[in-house]
Amino acid sequence: MMASIGEFDPLNTRVPATKIEVTVSCRSLLDVDTFSKSDPVVVLYLQAVGTKEWREFGRTEVIDNTRNPDFVRKFVLDFFFEEKQNLRFDVYNVDSRSCNISKHDFLGQTFCTLGEIIGSTGGRLERTLSGIPGKKCGAIILTAEELSNCRDIATMQLCANKLDKKDFFGKSDPFLVFYRSNEDGTFTICHKTEVIKNTLNPVWQPFTIPVRALCNGDYDRTVKVDVYDWDRDGSHDFIGEFTTSYRELSRGQNQFNVYEVLNPKKKGKKKKYINSGTVTLLSFKVESEYTFVDFIRGGTQLNFTVAIDFTASNGNPSQPTSLHYMSPYQMNAYAMALKAVGEIIQDYDSDKLFPAYGFGAKLPPDGKISHAFPLGGDNDNPNCVGIEGVLEAYFQSLRTVQLYGPTNFAPVINKVAHCAAEITDGSQYFVLLMITDGVISDMVQTKEAVVNAASLPLSIIIVGVGPAEFDAMEELDGDEVRVSSRGRLAERDIVQFVPFRDYVDRSGNQVLSMARLAKDVLAEIPDQLLSFMKSRGIEPRPALSTSPLHQLHRHI
């Protein structure tokens with residue numbers, strides 16, 4: 001128990017994800033019953049990250065005798081923006097009592113990602129069902145809604161009275177540790193208060209915690225609180241414990257929110273033992289915060305731009321040792337990084353047009369060096385259609401330009417920042433992915449560009465490929481120290497840098513390598529988007545909705 005307190009790092013604990021409720025309807029399903037309409041059910045399967053294996057997640061109820069079911073039972077899924085969460089919906093006609101789904105008539109299926117549903121207009125995705133050759137299987141309508149209790153932030157303050165004295169020379173140095181209970185009866189640490197020195201009647205500072213971190217959306221779930229006496233050597237003494245729940249805490253200051261601190265060992269040994277002190281809730285309030293999903297549902301689009309390093313240090317693209325080598329058997333690191341990140345972000349970009357640039361090459365016909373040339377070759381239109389279009393343009397450029405140098409980042413950053421500066425009303429948020437093999441040649445100018453861009457709706461992801469030392473890149477990734485230029489600090493931390501080699505799966509599983517990379521580099525994007533919106537006082541627009549009548553006409 002002790003070790004887990006010492007190792008608790010509030011910045012790296014994974015708060016349970018936002019919970020998304022998916023509602024399912026179908027239209028114009030196949031009729032397979034002779035004397036009546038079908039009795040449909042929908043089965044949802046999830047695909048594990050990095051494997052091809054599908055596992056059943058749940059089923060809707062069965063609705064009798066209809067080709068146009070609106071199912072009541074919903075699927076509640078944890079949503080992680082940084083993961084590609086593949087879903088498969090299979091529709092069956094139930095014609096016996098068997099639980100074995102293969103015993104029923106298959107009516108069609110569709111595949112999508114959770115991100116696609118959330119990223120659709122109004123969180124409503126309509127797909128044609130397929131899977132029965134030569135038959136029109138009808139349509140499935142999937143609607144995603146964030147569960148409301150995911151956005152609540154609780155602020156509370158506690159104090160204690162007459163805690164047990166644990167220190168030989170002084171009183172105790174008490175602090176509290178909060179745990180949420182998990183489905184399997186285990187506990188996960190979710191908050192630790194500060195230590196109050198030398199007192200048996202401490203009053204802790206108010207603290208703020210996401211409600212989902214405290215109870216994962218279940219208001220009656222047990223919240224366990226341990227009371228410890230702090231010791232310098234880390235062997236903190238256990239004073240006692242009590243349990244409560246979010247629902248109890250939310251009632252605020254009253255006689256029920258005074259808790260006896262009990263030490264089971266003492267209770268077992270001493271007949272006269274009453275308690276080891278009491279803890280009282282002094283105040284409790286809850287506020288709602290806007291979430292990433294609120295902005296996406298309100299129509300905010302993620303604009304994805306790619307910039308690829310075409311400097312000579314990558315090696316001759318026709319040689320297998322080159323980082324740009326195009327093997328017929330597997331993707332190179334540039335293509336993998338681009339595909340891993342792009343395939344997730346594209347779900348939140350409705351036009352699927354992605355500007356793509358190269359830097360550090362000599363261009364035909366006259367060998368002019370460029371640090372921001374469109375991969376597609378059209379100076380007026382840098383857009384590529386879909387992630388596949390970006391990959392094609394990248395491979396095409398490798399055949400036409402000459403790798404050269406130096407490695408200048410600032411021109412591309414300034415180009416994308418210029419676009420971002422034109423749309424700061426919250427309707428667009430820009431994500432620039434830069435993939436490079438080496439050390440930046442224009443660090444001074446790049447820092448200036450990053451500081452300028454930090455006030456814009458823009459995040460920059462830098463992926464380092466190959467064996468180079470990337471120490472200088474850490475300067476741009478403002479996690480430890482905020483980036484500064486000429487005495488000006490960046491308003492927000494907008495750069496995330498990772499070396500690709502840290503994510504390569506040793507067994508050679510490219511799918512797993514790409515999933516790991518995407519998970520890490522995209523994890524900060526939702527909070528970066530929120531920090532920009534908050535700094536500008538931008539609220540999400542109401543969720544865009546598509547008129548149901550208009551939808552029905554399309555089916556008739």
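A disulfide is taken here as a pair of cysteine sulfur atoms within 2.5 Å. With that cut-off, a search of the whole structure returns zero disulfides. The sulfur of Cys384 has its closest cysteine sulfur in Cys419, 14 Å away, which is too far for a bond. Cys384 is buried, with a relative accessible area of 6%, whereas Cys99 counts as exposed because its relative accessibility is 63%. These classes are set with a 1.4 Å probe and protein chains only: buried is under 20% relative accessible area, exposed is over 50%, and partly exposed lies in between.

The model is a predicted one, in which local features need pLDDT of at least 70 and side-chain atom pairs count only at pLDDT 80 or more, while totals for chains, interfaces and linings use all residues. Residues are numbered from 1 along each chain as its sequence is written, and side-chain values use heavy atoms, with hydrogens and water left out.

Turning to the sheets, strands of a sheet pair through backbone hydrogen bonds, either parallel or antiparallel. Helices (H or I, at least four residues) and strands (E, at least two) are DSSP runs numbered from the N terminus, and two strands pair if DSSP finds at least two bridges between them. Strand E1 (residues 18-27) pairs with E4 in the antiparallel sense over five bridges, and Lys19 stands opposite Asp78 in E4.

A further open sheet has three strands in the order E20-E19-E23, again with antiparallel pairing. Its edge strands, E20 (368-370) and E23 (402-403), each pair on one side only. Strand E19 (residues 361-363) joins E20 in the antiparallel sense through three bridges, and Leu363 stands opposite Lys368 in E20.

On a 1 Å grid over the protein atoms alone, a cavity is a set of points where a 1.4 Å probe fits but cannot get out, and a pocket is an open set with protein on both sides within 12 Å along at least five of seven lines; lining residues have an atom within 4 Å of a point. The second largest pocket has a volume of about 400 Å³. Of its 20 lining residues, the closest to the centre are Lys84, Asn86, Glu343, Val511 and Ala515. Helix H7 (333-345) and helix H12 (510-522) each supply at least two residues of this lining, and H12 gives the most, with five. By class, the lining of this pocket holds nine nonpolar, four polar and seven charged residues.

The count of cavities of 30 Å³ or more comes to one. The largest cavity has a volume of about 50 Å³, and its lining consists of Glu83, Lys84, Gln85, Thr113, Leu114, Gly115, Ile344, Asp347 and Tyr348. These divide into three nonpolar, three polar and three charged residues.

Technical notes: Grid points are joined across faces, edges and corners, and a volume is the space filled by probe spheres set on the points. Ala, Val, Leu, Ile, Met, Phe, Trp, Tyr, Cys and Pro count as nonpolar, Asp, Glu, Lys and Arg as charged, and the others, Gly among them, as polar.
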